[in-house]
Amino acid sequence: MCVNITDIDITDVNITDIDITDVNVTQVVDCGEQDEWFSLIFTIASVIQSFLTFSNGFVLDQFGTTVARLGGIILYTTGTLMIAFSTPALYVLLYPALTFIAVGGSMFLITNMQVGNLFRSRRSTVITLYSGAYGSSAALFLIIKVLYTAGISLYASFLFLSACSVIHLLRTLFLMPRTLIPYPLPEHYTYGIICGESNSASAGQTEGTSNRNNILNQEKSFRECLLSRFSFCAMVWLSVMQLRNYLFIGTLNPMLQRLADGDHSLVSHYTTVFALTQLCGVLCSPWNGFIMDRHKGKPRAAGESERDADLRASVLSLFLTPLLCILFSICATIPILPLQYLSFVLQVITRSFLYSGLAAFITMAFPSCHFGKLYGFLMAVAGLVSLLQYACFILVENVFDGDPLYVNIALTLLIMFAFIHPLSVYLHCRSLASQPTNQPINQPTNTHL
């Protein structure tokens with residue numbers, strides 16, 4: 001049974017779980033119209049988040065960690081307060097609210113991922129751990145749903161989330177550095193509440209080391225990095241798989257409704273299972289980091305720099321991600337309801353490998369001073385490509401009578417283009433290995449292609 005979107009209390013509905021059994025029905029309408037509304041909300045929030053990640057990255061690289069995190073805190077807190085104070089008459093607040101939360105959350109992510117620079121031997125693992133935790137945060141809405149069924153209103157839940165912004169503020173002011181965390185770390189590097197307490201000699205040495213590090217890292221301009229082969233291949237790699245992931249999430253409810261023949265309790269069960277699997281993202285992402293860091297501590301080949309070794313180790317991760325995405329897409333295409341359990345598992349693994357792998361690859365292939373801008377630009381382009389998900393949803397509903405078979409097959413074939421990226425990195429590493437080894441090991445090589 002469906003309800004008119006204007007006749008429900010939007011504050012009592014979980015956007016990711018369109019379970020409306022607890023809502024008083026006042027007008028029966030076509031379910032397709034309701035699914036289209038919720039799909040549009042998700043599309044707008046996800047696309048704007050991806051698009052504005054570039055501006056987030058620019059703010060981080062240009063103004064430092066403190067300014068970037070303060071902006072994220074303001075956006076996130078505003079979004080949670082808008083949901084808390086939304087009413088049936090102001091249901092349109094969901095559009096900016098979810099967008100603010102998404103954009104503010106992405107600001108937290110890119111500022112947190114630089115913490116990986118503090119752990120040289122486990123740098124990729126730490127970066128992927130933060131990325132996985134960010135993905136698993138979607139399960140927070142499941143907790144809010146459980147609390148709501150226990151009698152705690154969404155008003156109270158989102159006010160509590162707003163109050164928790166104090167924790168983010170304290171961490172920003174007293175634990176995080178004011179500027180970017182450099183890589184590799186200079187000697188006597190300090191941050192947080194002890195920043196600036198080292199003696200002047202140490203401070204001068206740190207400044208000199210940082211300057212030398214900046215000169216080394218700025219061997220490639222942002223424009224050169226942006227127009228490189230690696231950047232283009234990473235863009236295709238991210239865009240096609242993110243489109244498949246977004247379309248699956250945005251059409252999850254109508255797909256389950258169709259496969260369950262309208263059995264509302266069965267749909268609610270599968271939706272809850274899907275929400276639970278999102279918690280596993282924080283467990284899956286570090287495995288991607290382990291794959292990339294597996295060579296750390298081992299002797300490198302003659303003439304091979306640390307960046308070259310990092311790129312060589314990333315090939316396996318870059319290949320496994322589209323392979324997992326194809327398996328996930330195939331399972332989602334087959335119209336068998338119990339098989340969707342496997343789809344849920346493969347989806348969360350694919351998503352974890354996708355975003356954590358992208359962040360780790362950018363830190364390996366490009367200068368650290370461009371990380372925020374490059375990460376944001378790639379996410380912005382992928383966000384524009386993700387606009388196609390709404391067109392795909394309309395195509396499924398209006399042309400194929402709700403059957404997504406042909407669209408799923410087309411997207412599965414499209415994912416094949418993602419294999420171009422690991423192939424490009426592999427060929428680059430092989431060409432480096434075939435070069436004469438008369439170059440000192442510690443001398444940087446031109447890997448930023």
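These notebook entries record what I looked up in a predicted model.

**Nonpolar cores.** I began with the largest nonpolar core, which has 64 residues; Leu 238, Phe 361 and Tyr 375 touch the most other members. Helix H15 (residues 340–365) supplies the largest share of this core, 12 residues. I then listed the contacts of Phe 361, leaving out neighbours within four places in sequence: Phe 230, Ala 234, Leu 311, Ser 314, Leu 318, Phe 366, His 421 and Val 425. I also noted another core, of 17 residues, lying apart from the largest one, with Ile 41, Met 82, Tyr 95 and Ala 97 among its members.

**Helix H3.** Of the 20 residues in H3, 18 are buried.

**Aromatic pairs.** My search of the whole structure gave 14 aromatic pairs. For Tyr 270 and Tyr 341, the ring centres are 4.7 Å apart and the planes are at 25°, so I recorded the pair as stacked. Tyr 270 belongs to helix H12 (residues 264–277) and Tyr 341 to helix H15, so this pair ties together parts 71 residues apart in sequence. Tyr 270 is buried at 5% relative accessible area, whereas Tyr 341 is partly exposed at 34%.

I next took Phe 371 and Tyr 375, whose centres are 5.7 Å apart with planes at 20°; this pair is therefore stacked. Both residues lie in helix H16 (residues 371–385), 4 residues apart, about one turn of the helix. Phe 371 is buried at 9% relative accessibility, and Tyr 375 is buried at 3%.

I noted that ring pairs link Phe 248, Phe 274, Phe 328 and Phe 344 into a cluster.

Terms used. Residues are numbered from 1 along each chain as its sequence is written. This is a predicted model: local features need pLDDT of at least 70, side-chain atom pairs count only at pLDDT 80 or more; totals for chains, interfaces and linings use all residues. Side-chain values use heavy atoms; hydrogens and water are left out. A nonpolar core is a set of buried Ala, Val, Leu, Ile, Met, Phe, Trp, Tyr and Cys residues joined through side-chain atoms within 4.5 Å. Buried means under 20% relative accessible area, exposed over 50%, partly exposed in between (1.4 Å probe, protein chains only). Helices (H or I, at least four residues) and strands (E, at least two) are DSSP runs, numbered from the N terminus. Contact means heavy atoms within 4.5 Å. Rings of Phe, Tyr and Trp (its six-membered ring) pair if their centres lie within 6.5 Å; planes under 30 degrees apart count as stacked, over 60 as edge-to-face and the rest as tilted.
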